[in-house]
Amino acid sequence: MISALCPTLSVQHGLSHKLSHDLSHANTMALACMADTVVTLTNETQLDNFMTGYLADNDECKPLFVLSGGSNVLLPIKLHATVLCPQMRGIHIIAQTQDYVDIEVMAGENWHDLVLHTVAQGWYGLENLALIPGLTGAAPVQNIGAYGVQLEDYVQHVRAYHLPSKTWQQLSAADCQFGYRDSLFKRAPNTWLISCVGFRLHTDATRILASYGDVRTVAQNYATQQGRTQLTPADVMQAIIDIRQQKLPDPQQLPNCGSFFQNPIISQAQFSALQANYPDIVGYPMPDSMVKVAAGWLIEQAGLKGGGIAPIFTHNQQALVLTNHSPYLATQEDVANAQSHIAACVHDKFAINLAREPVWVNADATIGQSKYGV
Ligand SMILES: Cc1cc2nc3c(=O)[nH]c(=O)nc-3n(C[C@H](O)[C@H](O)[C@H](O)COP(=O)(O)OP(=O)(O)OC[C@H]3O[C@@H](n4cnc5c(N)ncnc54)[C@H](O)[C@@H]3O)c2cc1C
């Protein structure tokens with residue numbers, strides 16, 4: 001065990017080591033989970049010191065797993081790993097001109113609080129990403145996105161610790177290989193620990209993106225109430241907060257991990273064939289004659305809005321979100337059962353496979369395919 005291997009390290013450097021740590025309250029899906037060891041990191045030196053004591057051959061050390069806000073993970077009932085929790089705090093200005101400000105944000109900063117802070121400072125760009133749960137260090141992992149903006153639009157660099165080589169590296173945005181809900185970090189799980197993200201934000205209060213859904217209409221109401229005609233980034237942010245609060249269940253009230261299924265991408269030919277039978281099918285054109293289909297619509301049409309297998313059900317207003325009705329008791333297996341049922345119903349009706357979005361964590365901290373075949 002790490003704590004047995006590194007007892008002096010723990011004392012000398014103030015690392016917090018606990019055995020049989022309960023993570024049921026540390027994941028927004030509120031799945032029951034006990035982990036062998038949890039190490040909370042409040043500065044980068046602690047990580048250096050911890051990794052110095054971590055055996056190079058990994059013979060006796062548990063595998064490592066990085067956990068931040070737990071809003072995009074499905075944890076196992078027993079996690080035989082050392083869970084590293086980056087909690088470093090701080091927001092620092094690196095450079096500032098009339099047009100932009102460069103900031104570095106430490107991994108443990110709450111993402112939504114960061115968005116509120118930047119907009120209050122007159123630093124714009126992140127406002128469309130308001131109310132996404134989690135911590136800043138996790139945001140590059142799946143290149144978080146919402147309402148037409150993706151994290152990569154504002155990232156300058158990422159400072160991360162490469163766990164296998166025990167080295168710190170500064171990665172440019174290009175190095176991060178961002179894609180749609182994807183990045184280098186996502187493709188190489190448990191390889192990197194992101195400690196800091198650098199952003200370039202602009203100061204032009206007239207530059208806004210409000211073309212998605214009802215955003216412009218709701219934002220316009222705020223501006224009108226304050227006697228303005230020109231929309232500001234703060235109006236857009238407030239509109240997005242309101243829309244999200246109406247649309248998405250609050251994990252603290254009803255545990256969930258946001259969108260559970262990815263929107264499947266099918267060929268134009270398959271889409272056209274489906275459209276003949278289902279004229280209301282929702283699809284968005286993609287490159288190479290492909291079409292992205294709204295997974296929520298498919299689930300709803302399969303008769304599963306509010307459906308599932310107890311205690312995991314789709315949300316009754318947003319079928320794409322799976323909710324846990326037995327917080328801290330339900331397990332990964334319950335999620336797998338509901339996922340299989342929903343995916344099978346959708347496949348039977350539309351011949352489309354649904355893929356999961358949140359990160360499935362196995363008992364040995366490996367990521368991906370579950371033992372339940374989903
Ligand atoms: C209600 C709700 C709404 C959501 N809406 C959106 C949305 O609109 N858009 C969107 O993109 N996502 C959305 N999400 C998903 C989720 O909030 C994001 O993916 C978020 O960035 C996860 O952050 P976290 O701190 O909770 O990460 P965690 O769940 O703790 O971790 C997620 C993954 O990142 C890895 N990781 C975490 N921290 C680090 C780090 N510092 N270094 C390296 N790897 C790390 C973990 O190992 C894990 O693989 C939503 C989730 C919920 C519950």
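Predicted model: local features only at pLDDT ≥ 70, side-chain atom pairs only at ≥ 80, totals over all residues.
Me: Which other distances to a ligand oxygen belong to G70 and N72?

Reply: For a backbone N or O atom of G70 the distance is 2.9 Å, and for a polar backbone atom of N72 it is 2.8 Å. The protein covers 93% of the 980 Å² of accessible area that the ligand has on its own (Shrake-Rupley method, 1.4 Å probe).

Me: Which residues come nearest to the ligand?

Reply: V66, S68, G69, S71 and I194 do, out of 33 residues around the ligand; being around it takes a heavy atom within 4 Å. By class, this shell has 19 nonpolar, 12 polar and two charged residues. Strands β3, β8, β12 and β13 each supply at least two residues of the shell.

Me: Why are β6 and β11 said to stand at the edges?

Reply: Picture five strands in an open, antiparallel sheet, in the order β6-β7-β12-β10-β11. β6 (91-96) and β11 (167-172) each have a single partner strand, so one side of each is left without a neighbour in the sheet. From one strand to the next, the twist averages 20°.

Me: What makes β10 and β12 a pair?

Reply: Pairing takes at least two bridges found by DSSP, and β10 (residues 155-162) and β12 (residues 192-202) have seven, in the antiparallel sense. V158 stands opposite V197 in β12. On the other hand, β10 and β11 are joined by six bridges, so they also pass the cut-off for a pair. These two form a hairpin with four residues between them, and K166 in the turn has a positive phi of about 55°.

Me: Why is α3 called a helix?

Reply: A helix is a DSSP run of H or I with at least four residues (a strand is a run of E with at least two). Helix α3 covers residues 44-52 and lies across β7, β10, β11 and β12, at about 30° to β10. Helix α4 (residues 111-121) lies across β6, β7 and β12, at about 20° to β12. Contact means heavy atoms within 4.5 Å, and angles run from 0 to 180 degrees between N-to-C directions.

Definitions and conventions. Residues numbered from 1 in each chain as written. Heavy atoms only, no water. Polar contact = N/O pair within 3.5 Å; in protein donor to acceptor, adjacent residues only side chain to side chain. Nonpolar A, V, L, I, M, F, W, Y, C, P; charged D, E, K, R; others polar.
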